[in-house]
Amino acid sequence: MWDSGKVRGDAVVDVVWNGKKLHSRDRVFWRVRVWDMDGVETEWSPTAHFAIGLLSQSDWSSAWIGRKSEEGRPSPYLRRSFKLSKGVAHASVHVAARGVFELSINGKRVGEDIFAPGWTDYDKRIQASTYDVTGLLRGGENAIGAVLGDGWYAGRIRGLGKRFWYGEQLSLLVQLEIDHDDGSRTVIAGDKKWKTSTGPILNADFYDGETYDARLEMPGWNGAGFNDSVWTAAKIFPAPGAKIVPSLSVPIRKQMELRAAKMTEPQPGVYVFDLGQNMVGWTRVKLRQDAGRKVTLRFAEMLNNDGTLFTANLRTAKCTDSYICKGGGEETYTQTFTFHGFRYVELSGLEGSPEIGDVAGIVLCSDMQQTGEFISSVHLVNRLQDNIAWGQRGNFLDIPTDCPQRDERLGWTGDAQIFAPTSCFNMDVSAFFTKWCVDLDDAQNEDGAYTHVAPDVYKGDAGTAGYGDAGVVCPWTIYLHYGDKAILERHYDAMSRWVKWREDNSPGLINSCALYGDWLSIDGSESTSGWQPTPRDLIATAYFAYTTQIMAKVAKILGRKADATRFTRLAQRVRKAFNNEFVSPKGRLAGDTQTGYLLALGFDLLPEGPKRKYALARLVKDIENRGVHLSTGFIGTPLLAPVLSRHGRSDIACKLLLQTSYPSWLYPVLQGATTMWERWNSYTIEGGFGNAGMNSFNHYAYGAIGEWMYSTLGGIAIDERSPGYRNIIMRPYPGEGFTSARASLLTRYGRASCAWRISDNGVLAVDIVVPANASATLVMPGSHAQKELAAGTYHFETKNWAKDKQLQKAK
């Protein structure tokens, strides 16, 4: 289909397909060889392959099948048996659902995906997955089976848990295509030949949990030879108005298992298992009970002082599973169509006492490769990095959710855009955000305003600063970290509409739409509109200027010169309006808050010279006046350390990072946190729990400090002129309080690393790895000189690295 021939050049990623046109069902096998700079030729790579799903609505012959929904909402089970008399050369199954599904053939699960087809706006776009099932078929009798759950389609979603947001009736679209050895094809599609029943899953909801009656299990229901005479014919449902599209989702899969570290009995017959880590997913519970015994599982992130579960922060989410035993020996229960955010598991209703090994946690997450590693000489900072990674692991389930435990779990756009750079270091999120950026476009209002959450469940509520801006910031962030401008091309029109909406809704170029202000800032409160004191119009206008500046860069990258000029001029005008409205002649910002100064300095809104110097001085003075503490919320915190470092005050950034008293990043660590918390003081050993109405113990937003830990302390940073780490800026900072740090990142060119260590005699050693076909610009501590490094491994030592006062203290 394509032979590129020998291509001279250095492009090794994002090589666009230039072969014959691809069609639905194509399976393409490919291999590659390269020549190095000396002309040495490699062997051919092992053969890889990819497959094309069903690209057109006309490719589908299946009807939407299911079972009429019943009171109590038991999960529908569907099956169909069929015979094969010819040899099977290849077989694929294409499947989508209104709801979530598990599919099986001849009793074996198809694929490893969980909660497929994922969450999209089901009124606009439903994803279809394609699986190779050749190895599951056999000659003679065969059977295909499916079970459906409410999931995001019909389950409770949105704050306070509205049900049936997209629809009440679950249904399945399924098409098994079997290519035979003789060239013929058999298609088993959804139709009235399918049969349906209910089974052991009596109900299942993401917020409330699952009820499973093991006595109703039907052994062999999804295999050949099962007696389905009491099953009824499947019902055909009208097709949706939404498009059926090949899935963009990174599938949710099992990542690891956690064993219980401790078991207690805070009340008679109530047993609490501590997994030692706040996590998201399922449990595996072993039970030895009589038939009919009902065992109840409840979940929580924290414990009350008496050792019982703290569940007030779950609000209306029940987070409770019920398992009715079938008896006859040991049985094991793992959930199917629910998930929980928890560290603690409570078991009650048992006859006798359990053993500590009876409960394990199964961690679920979108299946993204870990790419980054950061480690330093400070143990608490290393624990913070672990907490950041666990916060991402727990909230990247098909979409970037704000929290995984209470009656919310939504794709809050502001949280996602401020954490996106850190997420790119921790894991390969390129495909994850590729999918979610389409969700953002689906949610965008016709007038151009991006919504507060995506997929949107707030009926078009949109336009707030720092949140709607995710529609521009997230594609830009993914481009910078991975270097593929296709994401900019795909979303350019939507991004442009957002800037146009801002312009149309900003009298005098001053925008005031910042509904959430600097969310959860220290000096704000729930009773203060928009979490002031940072003025909301200051925040909104700053973001107006920032995203317009980004659009000017995007237009230039894509060769849209006229647009680039227009956006550049608009950004200049907004910047001027910002200074006229919010900046005194001396450089004092309206509100005089840390966040105000961070926005102005971080988004380049102040002219070079006295105003910038004064604003920086005011920022540092406020930090120092608070005893070297921050006062920022969701909007200001991600800018704090990067802005200080950019303006020569990495010493203050280090002190803030190492601060252990409230409010600080390490304060929750000392309170026992194993993930990032929603509030700086979600819990204190002295004062107990914060406001339970908004108090998540797995909320990644404040984990945005991770970007600075990688890029400044660790020394691996983006070169905006050469995105995707084609050229890497390596500028490690040996800050006071640290004697070593190492950052490692698996880029698309290979693994890059930067490690430094201060010896007892004050010598600084720096070790650098630059991956093949990439380069690096190294700036050693205490020096402004740049070293240009080609691919390779390097070691540097210097005694003269502490030339300024900051580094003298560190030395």
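Predicted model: local features only at pLDDT ≥ 70, side-chain atom pairs only at ≥ 80, totals over all residues.
Let me start with Tyr 77, whose bridge partner in strand 12 is Ser 197. Strand 4 (residues 76–84) and strand 12 (residues 195–198) run antiparallel and are joined by four bridges, and two strands are taken to pair if DSSP finds at least two bridges between them. Strands here are DSSP runs of E with at least two residues, and helices are runs of H or I with at least four residues, both numbered from the N terminus.

Residues are numbered from 1 along each chain as its sequence is written, and side-chain values use heavy atoms, with hydrogens and water left out.

Back to the sheet: six strands form an open sheet with antiparallel pairing, in the order 7-6-9-4-12-15. Strand 7 (108–109) and strand 15 (232–233) stand at the edges with a single partner strand each, so one side of each has no neighbour in the sheet.

Next, His 180, which is found in strand 10 (residues 171–180). Is His 180 buried or exposed? His 180 counts as buried because its relative accessibility is 5%, where buried means under 20% relative accessible area, exposed over 50% and partly exposed in between, with a 1.4 Å probe and protein chains only. Leaving aside neighbours within four places in sequence, His 180 is in contact with Leu 84, Lys 86, Gly 87, Ala 89, Arg 185 and Thr 186, contact meaning heavy atoms within 4.5 Å. Glu 736 lies 556 residues from His 180 along the chain, and their C-alpha atoms are separated by 69 Å.

Now to helix 9 (residues 594–602), which is mostly covered, with nine of its nine residues buried, among them Gln 594, Tyr 597 and Gly 602. These buried residues pack against helix 7 (536–557), helix 8 (561–582), helix 10 (610–625) and helix 11 (637–646). Just after helix 9, Asp 604 takes a positive phi of about 55 degrees.

Finally, the whole protein chain, whose secondary structure comes to 15 helices and 40 strands. Of its 811 residues, 58% count as buried, and among contacts between residues at least 6 apart in sequence, 73% join residues at least 24 apart. The C-alpha atoms fill a box of roughly 85 × 70 × 60 Å, taken along the principal axes.
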